[in-house]
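Subject: Structure for you to look at

Hello,

Here is the structure I promised to pass on. Please open it first, then read my notes below.

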Amino acid sequence: MVNDCYYDEYDRKENLHFDSKVVHGALGCDPITGSVSFPIFQTATFRHRGFGVSTGFDYSRLQNPTRQELERTMAILEEGLEAFAFTSGQAANMGVFGLLAPGDHVLLSDDIYGGTYRICSDIFSRLGCEFTYLDMADLEALEAAIRPNTKMLFVETPTNPMMKVADLPKLSEVAKRHGLLFVVDNTFLSPYFQKPMTMGADIVVHSGTKYLCGHNDVIAGIVVVSTKELADHFRLQMKSRGNGLGPFDSWLVLRGLKTLSLRMERHDQNGKKVAERLKTHPRISKLNYAGVGGMISFEVDSVETVHRVLSGVKMVLFAESLGGTESLITYPLTQTHESTPADVREKLGINERFLRLSVGIEDPEDIIADLEQALA
Ligand SMILES: *Cc1c(COP(=O)(O)O)cnc(C)c1O
């Protein structure tokens, strides 16, 4: 096979700082035309010039130059070996749990995204896999829960929606000692604030829908892997399930990534200001903030207050999701965590008075004023 691919050679830009890497991606410009905006290769298939000749691209379910640019950019930003861009965070997670065989056991954060819980309980449990949910801060309980058939440790940090923070280097040490695959969902902080690969993760997973894209305009998922063996697994998953991210959506995430550093910095500044002000509000108790980033959750004094806030916000939008330019307020009980079993929700504190706020990049005074008028 003669390979005359212009897209083979790319630079991992090791000499650049993170804030420059997000702007310049992997190839950055199109190697043929010099187009500064990486082109959207809206094609299903690729012409071969002759028998045994390929540009390295055959069919867009398998590889597409725009998706590849996003994947390589994410591998660079997360400091992994390779990355894969899927049609959603859920599709990415389906690939992660696709590593399991019947009889395998997985340990997960107790306070985890509802959709991840649903994949485990409604799909992989039926295939004979077992799941145990625990507080990742309790390392003794974690060690005690490890069984001979435990294969994977799946951690979200900070957790959704209670913002519990896990010690990734310590968890990685436990995973290594017991030969477990260590998977980290890095959706809430993004590689701007946290690079799990540098702390021992084998796999990093993202809902690219959130901070990576950052504009509430696309659904996407990313998996970053540390070994060739894992890369081969995800390549097979994408090829077989046919859930690779399309060229236009890949381009939107690439476009969003260029401002990741600027946005994260502002989400963080705004998050700190809003958390500080809401913490002392008379109708708010138990405010959770990890001390970094733009995600806050809290309990209000009554269900009536919840209804008043959700109907009364004007600039802040009552909507599911997080990590975008617009501030969003979410009701986890009926939205993001509807699939979490009632007893788990109860134990965690996801009750009918509980709200989650994704602090956007607007003027923080406008966010606070809007919430205060809705709470009044
Ligand atoms: C949203 C989310 C997901 C699922 O991602 P989708 O892109 O909505 O499929 C997974 N994990 C976390 C932490 C999330 O917030």
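A word on naming before we start: helices (H or I, at least four residues) and strands (E, at least two) are DSSP runs, numbered from the N terminus. That matters for Ser321, whose place is in the loop between strand E12 (317-318) and strand E13 (328-330). Please also keep in mind that this is a predicted model.

Overall build

The protein chain has 13 helices and 14 strands. Its radius of gyration is 21 Å, close to the 21 Å that the globule rule gives for 376 residues, so the chain is as compact as a globular protein of that length. Along the principal axes, the C-alpha atoms fill a box of roughly 70 × 50 × 35 Å. Of the 376 residues, 56% are buried. Take the contacts between residues at least 6 apart in sequence: 70% of them join residues at least 24 apart. The accessible surface is about 15700 Å², and 54% of that belongs to carbon and sulfur atoms. The chain carries 38 positive and 49 negative charges, and the mean positions of the two sets are 2 Å apart.

The cores

The largest nonpolar core holds 46 residues. Leu70, Leu153, Phe182 and Val253 touch the most other members. Helix H9 (residues 247-257) gives the largest share of this core, with 5 residues. A second, separate core has 30 residues, including Phe84, Ala91, Ala92 and Leu99.

What does Leu70 contact, leaving aside its neighbours within four places in sequence? The partners are Ala85, Ile222, Leu245, Ser250, Val253, Leu254 and Leu257.

Helix H4

Look next at helix H4 (residues 114-124). Its buried residues are Gly114, Gly115, Thr116, Tyr117, Ile119, Cys120 and Phe124.

Most residues other than glycine have a negative phi, and most peptide bonds are trans. Some spots here depart from that pattern.

Start with the loop between E6 and helix H6 (168-177), where Pro158 sits. A cis peptide bond joins Thr157 and Pro158, with omega about -10°. Pro161 is also in the loop between E6 and H6. A cis peptide bond joins Asn160 and Pro161, and omega there is about 10°. Met163 has its place in the loop between E6 and H6 as well. Met163 is not a glycine, yet its phi is positive, about 65°.

Is Met163 buried or exposed? Met163 is buried: its relative accessible area is 6%, and the cut-off for buried is under 20%.

Now back to Ser321. This residue is not a glycine either, and its phi is positive, about 105°. Ser321 has a relative accessible area of 17%, so it counts as buried.

Across the chain

Thr33 lies in the loop between helix H1 (18-24) and strand E2 (53-54). Thr33 is exposed, with a relative accessible area of 58%. Thr33 and Gly349 are 316 residues apart along the chain, and their C-alpha atoms are separated by 55 Å.

That is what I found. Over to you.

Best wishes

Definitions and conventions. Residues are numbered from 1 along each chain as its sequence is written. This is a predicted model: local features need pLDDT of at least 70, side-chain atom pairs count only at pLDDT 80 or more; totals for chains, interfaces and linings use all residues. Side-chain values use heavy atoms; hydrogens and water are left out. A nonpolar core is a set of buried Ala, Val, Leu, Ile, Met, Phe, Trp, Tyr and Cys residues joined through side-chain atoms within 4.5 Å. Buried means under 20% relative accessible area, exposed over 50%, partly exposed in between (1.4 Å probe, protein chains only). Contact means heavy atoms within 4.5 Å. The radius of gyration is taken over C-alpha atoms; the globule rule is 2.2 Å times the number of residues to the power 0.38. Accessible areas come from the Shrake-Rupley method with a 1.4 Å probe; for residues, only the protein chains shown count as cover. Lys and Arg count as positive and Asp and Glu as negative; His and the chain ends are not counted. The place of a charge is taken as NZ of Lys, CZ of Arg, CG of Asp or CD of Glu.
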